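Student: Could you walk me through how to read a helix and its surroundings in a model like this?

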Amino acid sequence: MYLLTDKFLKFGIAVDPVEPEKIMKTLAMEELELRAVITTHHHYDHAGGNKLISEMKKNLTIYGGDERIEALTNKISHNEILKIGDIVIRCLHTPCHTSGHVCYFIDCETIPEPICFTGDTLFIGGCGRFFEGSANDMLQSLNILSALPLSTKIYCGHEYSLNNLKYALSIEPDNEEALNKFKEIQEKLKKSEPSVPSKLGEELSYNPFLRLDKKAIQLRTNKVDPVSVMAALRELKDNF
């Protein structure tokens, strides 16, 4: 979960606040008001805190793209723009992990660099499981995210980074960018530092699910068609 704050206007936006007490404690320490919740998808480890946080903060607006999201007040659609204070959020429907999965892209004057909360669609060095969609769905969803500015910081839903990079190196063992990122994350975790965020430009250099056209990956999967490569990559990852 994440907390996006506007310290000038004194408010915060919670992203997948699965532990509401921590969110509310942090807001109280910073003397900020909770203005809204944005939810990437309905799975309990992302939306499971919505009901409680809505009870802790009355009349709270909770956004999401799936009616299965608990305590949802506002269902959003692809490319819908949310303006909360001075923060402008573009909602990106990215189905596959779940049919109603939404990523949230923010690029406005209130932040120094664009950011995207990608939930369980795009991870550092990997992508989410295909629970409710197909390889073609994930391909289309990752194409949407790949079109964002290369400087976009990727804030994903889980820190699977080290294992994902191990897998990426099993697919492209000669990828220096993957090896360097793997070593970087190892050092960060030794110091109890988060591996998140990465940048989209980095992901394109080592994340195999964003590199379907590379010969090494096509040879490893024995496929050429992008959808087939995506499906084969995910099967290999599931068995990794």
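Predicted model: local features only at pLDDT ≥ 70, side-chain atom pairs only at ≥ 80, totals over all residues.

Student: What span does α6 reach from its first C-alpha to its last?

Tutor: Helices are DSSP runs of H or I with at least four residues, and strands are runs of E with at least two, numbered from the N terminus. The expected span is 1.5 Å times one less than the number of residues. Helix α6 (residues 176-190) has 15 residues and reaches 21 Å, close to the 21 Å expected.

Student: Which residues of α6 are buried?

Tutor: Buried means under 20% relative accessible area, exposed over 50%, and partly exposed in between (1.4 Å probe, protein chains only). In α6, A178, K181, F182 and I185 are buried.

Student: Why do they line one face?

Tutor: An α-helix has 3.6 residues a turn, so residues three or four places apart point the same way. Down the axis of α6, the buried residues fall within an arc of 105° (taken from the directions from the helix axis to the C-beta atoms), so they line one face. On the other side, E176 and K190 are exposed.

Student: Where is P197?

Tutor: P197 sits in the loop between α6 and β13, and the peptide bond from V196 to P197 is cis, with omega near 5°.

Note on methods: Residues numbered from 1 in each chain as written. Heavy atoms only, no water.
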